[in-house]
Amino acid sequence: MFRSFFSAMLILLCFALLEAAVLSNIRLLPAIPDFLLLCVIYFSYNRGRSFGVVTGFTSGLFLDFLSASPLGLHCLLRSILGWCFGFLHSSLNIDGIFFPALLAFISTILKAFLLRAISIFFPISVIHYDLSSSLFLWELVLNVIFAPFVFKFLGVFRSQLSEKV
């Protein structure tokens, strides 16, 4: 159990650093794909709701420390998403292209709606997406495109992330 937890945390940390240090400095990208969101969806799907909540909280904590967002915003947001997608635990075949892309599409839209809902309670400190903006649409497209590749990459670590002792 600890091996799978620490393997997931190491993967999340690497993707967080990739997003914050590398991808955010590439000016050619119209938006930054949310690899951490895709990882949380993958972990939730493979390990269930509780593991999804833990990885969602941890990935949110990494993002909160690496960004200027209020502490706890991404933790709350990604914990909710991990819990929601944990309901799909091993119910779909995510080895292909279609279902990872569909899960990325749904999760990105759900993330935008959750940010909008949270911004109602904290209007000054939480910046939400405008669902018709080009930034949101580019992030949605990039998440859908990269989802099968990220899921395939994370499939390499399936033995380290398994429940076996």
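In which hand does α2 pass α5 in a crossing? The crossing is right-handed, and the views below set it among the other helix contacts of this predicted model.

**View 1. Packing of helix α2 against helix α5.** Helix α2 spans residues 35-47 and helix α5 spans residues 98-121. Their axes lie 10 Å apart, at an angle of about 115°. From α2, the contact draws on Leu-37, Leu-38 and Ile-41; α5 supplies Leu-103, Ala-104, Ser-107, Thr-108 and Lys-111. Sorted by class, the residues of this contact comprise 5 nonpolar, 2 polar and 1 charged.

**View 2. Packing of helix α2 against helix α3.** The axes of α2 and α3 (residues 49-66) are 7 Å apart, and the packing angle is about 165°. Because angles over 145 degrees count as roughly antiparallel, α2 is roughly antiparallel to α3. The crossing of α2 past α3 is right-handed. On the α2 side, Leu-36, Val-40, Phe-43, Ser-44 and Arg-47 take part. They meet Arg-49, Phe-51, Gly-52, Thr-55, Gly-56, Ser-59 and Leu-63 of α3. This contact between α2 and α3 contains 5 nonpolar, 5 polar and 2 charged residues.

**View 3. Packing of helix α4 against helix α5.** Here the axes come within 10 Å and cross at roughly 135°, which means that α4 is oblique to α5. The crossing of this pair is right-handed. Helix α4 contributes Leu-73, Leu-76, Leu-77, Arg-78, Ile-80, Leu-81 and Phe-85. Helix α5 contributes Leu-103, Ile-106, Ser-107, Leu-110, Lys-111, Leu-114, Leu-115 and Ile-118. Of the residues in the contact of α4 with α5, 12 are nonpolar, 1 is polar and 2 are charged. Leu-103, Ser-107 and Lys-111 of α5 also belong to the contact with α2 shown in View 1.

**View 4. The largest nonpolar core.** This core holds 38 residues, and Phe-15, Cys-39, Phe-43 and Leu-154 have the most contacts inside it. Two or more residues come from each of α1 (2-22), α2, α3, α4 (73-85), α5 and α6 (134-155). Helix α2 gives the most, with 9 residues. In soluble globular proteins, nonpolar side chains tend to be buried together.

**View 5. Surroundings of Leu-154.** Neighbours within four places in sequence are left aside in this view. The contacts of Leu-154 are then Ile-11, Phe-15, Cys-39, Tyr-42, Phe-43 and Leu-161. Among these partners, Phe-15, Cys-39 and Phe-43 are listed with Leu-154 as the residues with the most contacts inside the largest nonpolar core. Phe-43 also takes part in the contact of α2 with α3.

Terms used. Residues are numbered from 1 along each chain as its sequence is written. This is a predicted model: local features need pLDDT of at least 70, side-chain atom pairs count only at pLDDT 80 or more; totals for chains, interfaces and linings use all residues. Side-chain values use heavy atoms; hydrogens and water are left out. Axes are lines fitted to C-alpha atoms, for helices over the stretch in contact, and angles run from 0 to 180 degrees between N-to-C directions. Helices (H or I, at least four residues) and strands (E, at least two) are DSSP runs, numbered from the N terminus. A crossing is left-handed if the near helix is turned anticlockwise from the far one by less than a right angle, and right-handed if clockwise. Contact means heavy atoms within 4.5 Å. Ala, Val, Leu, Ile, Met, Phe, Trp, Tyr, Cys and Pro count as nonpolar, Asp, Glu, Lys and Arg as charged, and the others, Gly among them, as polar. Angles under 35 degrees count as roughly parallel, over 145 as roughly antiparallel, 65 to 115 as roughly perpendicular and the rest as oblique. A nonpolar core is a set of buried Ala, Val, Leu, Ile, Met, Phe, Trp, Tyr and Cys residues joined through side-chain atoms within 4.5 Å. Buried means under 20% relative accessible area, exposed over 50%, partly exposed in between (1.4 Å probe, protein chains only).
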